[in-house]
Amino acid sequence: MILDKLFIIIGMLLAHFLNGSNVFELGNAIRPDFMVIFVVFFALRKGPMYGLWLGFFGGLLTDTALGGEIGGDNIVYYKIGLHSFSYSIIGYIVGKGLRSSYTENYISITIYVLGLTFVSRLITYLLFLMFFHSNHSYSFLYVSLYNAFLGPALFFLFSWAYRLDGDEVRQ
């Protein structure tokens, strides 16, 4: 039980590390969002509470990588909580609503990851817009397509690494 949680934390830290690296970067700062794939995987496989908590803590990790921004009044503003909120919402809704219709195949994983990455990035962008400013370099479509391309392979890898059976999806 404790060991399972420890491996999940290690996987989350690895997803955070890969989000910050340039290894998978394509062109003009187009990178996959490994944390969204990680949250969606566990929300679909383990349920809404896993999605909620992994989304919350994974989002906090992602937010810490953003650093601060100096405002017009020379005060540093930190954007803690934006990704955490959007990942938590996505994780809970996926685990609660989409889990029953989930099937483990290449096409469904691709569609889920594409749509959920897009929605997650849209929520995060709207939060940036509401609380800070518009970010014109924030990518929706390219990151979603990149995640959709990598999603099935990562789902297979996560299923193997966490030794989750197909029967565990419907519990």
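Predicted model: local features only at pLDDT ≥ 70, side-chain atom pairs only at ≥ 80, totals over all residues.
Accessible areas here come from the Shrake-Rupley method with a 1.4 Å probe, and for residues only the protein chains shown count as cover.

View 1. Residues are numbered from 1 along each chain as its sequence is written, and side-chain values use heavy atoms, with hydrogens and water left out. The protein chain exposes about 9,600 Å², of which carbon and sulfur atoms supply 71%. Its secondary structure comes to six helices and two strands, where helices (H or I, at least four residues) and strands (E, at least two) are DSSP runs numbered from the N terminus; along the sequence they follow the pattern α-α-α-β-β-α-α-α. Of the 171 residues, 44% count as buried, that is, under 20% relative accessible area, with exposed meaning over 50% and partly exposed in between (1.4 Å probe, protein chains only).

**View 2. Packing of helix α2 against helix α5.** Helix α2 (residues 34-46) and helix α5 (residues 106-131) pack at an angle of about 120°, with their axes 10 Å apart; axes are lines fitted to C-alpha atoms, for helices over the stretch in contact, and angles run from 0 to 180 degrees between N-to-C directions. The two helices are therefore oblique to each other, given that angles under 35 degrees count as roughly parallel, over 145 as roughly antiparallel, 65 to 115 as roughly perpendicular and the rest as oblique. On the α2 side the contact (heavy atoms within 4.5 Å) is made by Val 36, Ile 37, Val 40 and Leu 44, and on the α5 side by Tyr 112, Val 113, Leu 116, Thr 117 and Ser 120.

**View 3. Surroundings of Leu 98.** Leu 98 lies in helix α4 (residues 82-98) and, at 26% relative accessibility, counts as partly exposed. Leaving aside residues up to four places away in sequence, Leu 98 touches Leu 44, Ile 93, Tyr 112 and Leu 116. Leu 98 and Leu 44 are 54 residues apart in sequence, yet their C-alpha atoms are 7.3 Å apart in space.

**View 4. Packing of helix α3 against helix α4.** Helix α3 (residues 48-66) and α4 pack at an angle of about 160°, with their axes 7 Å apart, which makes α3 roughly antiparallel to α4. Residues of α3 including Gly 51, Gly 55, Gly 58 and Gly 59 meet residues of α4, among them Ser 84, Ser 88, Gly 91 and Gly 95.
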